[in-house]
Each structure stands twice: as C-alpha cells, then as structure tokens.
Amino acid sequence: MTEQVPFTDIYVDDEIVDRAADVLESTQYVKGDRLEKFEAEFAEACDVEHAVGLHSGTAAILCGLQAAGIGEGDQVFVPGHTFFATVSPVLSVDAEPVFVDVDPDTYTMDPVDLERKVERAENPQGIVPVHIYGQIADMEAIQAVADDYDLAVVEDACQAHFAERDGHIAGTVGDVGAFSFYPSKNMTVGGDGGMLITDDDQIARRARTLRNHGRTEDGTHEVLGLNYRLDEFKAAVGRRQLEFVREWNEARNAAAQKYDRRLSSIPEITTPTEAADSFHVYHLYVIQVPDRDVLREHLDENGIDTGVHYETPAHRHPAVRDRTESTELERTERLCDRILSLPMHPRITDEEIDRVCNEIEEYYR
Ligand SMILES: Cc1ncc(COP(=O)(O)O)c(C=O)c1O
C-alpha cells in the first residue's frame, strides 16, 4: 500500500524533549526566565523593541487591539478572507468589523477597497491586515491609509513568521504584530501560544498588564485583564523552534517552487502569486481550481491529505452577521469556492510533491 502524503508535519527532537523535562523538574511553570529569554530572542529576530508572550495568536490580536486603544463603537477594517480569529477579537472589544475584499493575486487585503471603505466610515479607528498563507499584505499602501486617517494597525501575522516584503519583516510595519504558535504554524511552542511585537513602549506595557489580570508591577489591577500568559514549557519549546524557523521557511519556499513548476502548466489551475520584493513563507500552499470538491475527493481517495482555508468568508459566519453591515465581497466569495491547500511543510520530499502533482495531472487528463 502506498503511504499517505500528510498535510503537515511537526518537528520534535531530543533537545525539545529535554528542555520540556527541565521545566517540569524546575517546578517554575509560569512567569520564569525562559519566557523572558524567548521574548528577548523573538524581539531580536524581528528587530523590534518588545515581544510579549501570550497564550494564543487570538490573545495577541486581542491584546494588540486593546493596547492600541480600540474599544466600543470603533470601526476596524478586516479582510473577508481569513480565519475567524482575526475577527473575534474585534467583536470581543465591542468594536465593529468592516470587511474589505482581497487583492485578486495575493489574496491579502486590497488597499484600494480599504481606502474606499475608510473614506465612507463614520468612526474608523483600526485595521487588522492579515498576511494570509504566509505572504505579507501590501503594508506600504495599507499603512499609508492608516497614516492619512490616524488608524491603529494590528498586523495579523499568525501565518507569516519572518515573511518579508519591501524590506520589512512581518509584523513590524503596523503598531503591533501578532503571531500564533498553534501546532501547525511555521513554528510552534508545542501547543497553543502567541506573541505580540511592537516598538511602542506603552503598547508593550499595556499588553503585559492585560495578559496578567490587568495587574501592574505594584499589584494594582489597573484595567480589566484576564490570564493570557504563555507558560514556561511553551517558552522552552518555542526557543528551540525559533532556532530553525527561518531554515524551515526556506524549505517551504523551495517546496512551493517545485509545486509551481509542476502545476503551472495545467490550464485549470491557478498557482500562488508572490508579490514583487517579497519572501513568502508558505504556511499554506493554496491553488485555485474550478471543481475543488471533486478534485479534493480524488486526492483523498489516493492517499493525499488536503485542506480548505477557508470555505466560508469571515463576514458570512453567524457570529458576526448582526455585528456588521451586510456586505458583498465578490473576490473573497469566489475565492472561497475555488481554493484548495496542498500538503506543505519543511520536510516534504520531492517524491511526495511528485505524487501530489501526478494525481492532479491524472485527474485533469
Ligand atoms: C490568520 C489567523 N489569525 C489568527 C489565528 C489565531 O491564532 P491562535 O489559533 O493561536 O489563536 C490564526 C491561527 O489559528 C490564523 O491563521
């Protein structure tokens, strides 16, 4: 029997296991120096002043919005094509998400649609651009709109650790960058985890307060915060993964080039487009096809795991329907019907890529 081609793969080595065991033996499970070191190393790798460890990417977006002053009644611009966790923090701070369509080539927030909607908005206060699939949105254009209208920018870089565009690393153009370390992401902490990065001292201080029950160093509960801390196990695993993530990103990018070479000659398929002057870190390798569900079934029957990210546009989910103006996002909706994510991880072999491509060719023959 031929082996399954897995969708993703998670790296564990003896060093990671030893480091986790060290934490267990130390009995210092929270608020220790492993987290401080992880934060310092992550900040240095992104070339920013502050990194704040949090228990998820969702918490990083939420604390980012709150620390940047977003609250009740504020309008926050989000792309329609994203995981719902981009939107739920906006709803959680009682702000109103305003949905923006995507760029047809990169599937990231379209700055033209953004500007049109910001111009018409009554209380525009923030933008959450998403670096979907590992490619950075057009931050120069988006930041220009933010500067013109004095809007806070929280970059959802949950899928784009160390991606680059126009000379900037993901998460470093806006006021805040938010990362997820969920197990399937380009780097993980061995469970849920997140990181907020910023150059702004006040935002960093607020985020540290928010993650720890709203408590300041002198023990006063200054604001309403909850517990969003990242524990020492996660920090220990994250530090080890941080040593490899850029090498893994190169491997993902190289795998994507191989897929491109094999698939771009099939007329039914649209392969991913990389923006000029960018480094795409391919959290996901996503093609567009006219008959997605049937192709997906064919691949499944032949031992190839695939995914759909995401089937339903964010603005169509019941949780947001009565919290936003009804909106049509033509490109987003069309995209959601056509996208298919193929197996992608740093250790995918040439043979596995060939198997996936052979099956796709076979299907279209
Ligand atoms: C685009 C995007 N935003 C936000 C999140 C939320 O991250 P987490 O699952 O760590 O809360 C994720 C990942 O799941 C994501 O892919």
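A residue is called buried when its relative accessible area is under 20%, exposed when over 50%, and partly exposed in between. By that scale Arg-347, with a relative accessible area of 31%, is partly exposed. The structure discussed here is a predicted model. The protein has 12 helices and 12 strands. Its radius of gyration is 20 Å, close to the 21 Å that the globule rule gives for 365 residues, so the protein is as compact as a globular protein of that length.

**Overall architecture**

- Taken along the principal axes, the box filled by the C-alpha atoms is roughly 70 × 55 × 35 Å.
- Of the 365 residues in the protein, 56% are buried.
- Among contacts between residues at least 6 apart in sequence, 71% join residues at least 24 apart.
- The protein exposes about 15800 Å², and carbon and sulfur atoms supply 44% of this area.
- The side chains include 34 positive and 73 negative ones. The centres of the two sets lie 3 Å apart.

- Side chains of opposite charge can pair when their charged atoms come close. The structure holds 21 salt bridges.
- One of them joins Asp-9 to Arg-347, with the closest N and O atoms 2.4 Å apart. This pair links distant parts of the chain, 338 residues apart: Asp-9 belongs to the segment before α1 (14-26), and Arg-347 to the loop between β12 (339-342) and α12 (350-364).
- Asp-9 has a relative accessibility of 32% and therefore counts as partly exposed. Arg-347, at 31%, is likewise partly exposed.
- Arg-208 and Glu-39 also meet through their side chains in a salt bridge, at 3.2 Å from N to O. Arg-208 lies in helix α7 (residues 201-211) and Glu-39 in helix α2, so this pair too links distant parts of the chain, 169 residues apart.
- Arg-208 is partly exposed, with a relative accessible area of 30%, whereas Glu-39 counts as buried at 6% relative accessibility.

- Lys-37 forms a salt bridge with Asp-33, and the closest N and O atoms are 3.8 Å apart.
- Lys-37 and Asp-33 are four residues apart in helix α2 (residues 33-46), so about one helical turn separates them.
- Both partners count as partly exposed: Lys-37 has a relative accessibility of 41%, and Asp-33 has one of 43%.
- Salt bridges also link Asp-13, Glu-15, Arg-19, Arg-240 and Glu-243 in a network.

**A buried arginine without a salt bridge**

- Arg-252 is placed in helix α8 (residues 232-263).
- Arg-252 is buried yet has no salt bridge. A salt bridge requires a side-chain nitrogen of Lys or Arg within 4 Å of a carboxyl oxygen of Asp or Glu. The nearest side chain of opposite charge to Arg-252 is that of Asp-9, 8.3 Å away.
- Asp-9 itself is paired with Arg-347 in a salt bridge.

**Backbone features**

- Most residues other than glycine have a negative phi, and most peptide bonds are trans.
- The peptide bond from His-309 to Tyr-310 is cis, with omega near 15°. Tyr-310 lies in the loop between α9 (292-301) and α10 (318-321).
- Tyr-133 is a residue other than glycine with a positive phi, near 70°. Tyr-133 is located in the loop between β4 (124-127) and α6 (139-149).
- Tyr-133 has a relative accessibility of 3% and so counts as buried.
- Asp-150, which is not a glycine, also has a positive phi, of about 55°. The loop between α6 and β5 (152-156) contains Asp-150.
- With a relative accessible area of 66%, Asp-150 is exposed, whereas Tyr-133 is buried.

Notes. Residues are numbered from 1 along each chain as its sequence is written. This is a predicted model: local features need pLDDT of at least 70, side-chain atom pairs count only at pLDDT 80 or more; totals for chains, interfaces and linings use all residues. Side-chain values use heavy atoms; hydrogens and water are left out. Helices (H or I, at least four residues) and strands (E, at least two) are DSSP runs, numbered from the N terminus. The radius of gyration is taken over C-alpha atoms; the globule rule is 2.2 Å times the number of residues to the power 0.38. Buried means under 20% relative accessible area, exposed over 50%, partly exposed in between (1.4 Å probe, protein chains only). Contact means heavy atoms within 4.5 Å. Accessible areas come from the Shrake-Rupley method with a 1.4 Å probe; for residues, only the protein chains shown count as cover. Lys and Arg count as positive and Asp and Glu as negative; His and the chain ends are not counted. The place of a charge is taken as NZ of Lys, CZ of Arg, CG of Asp or CD of Glu.
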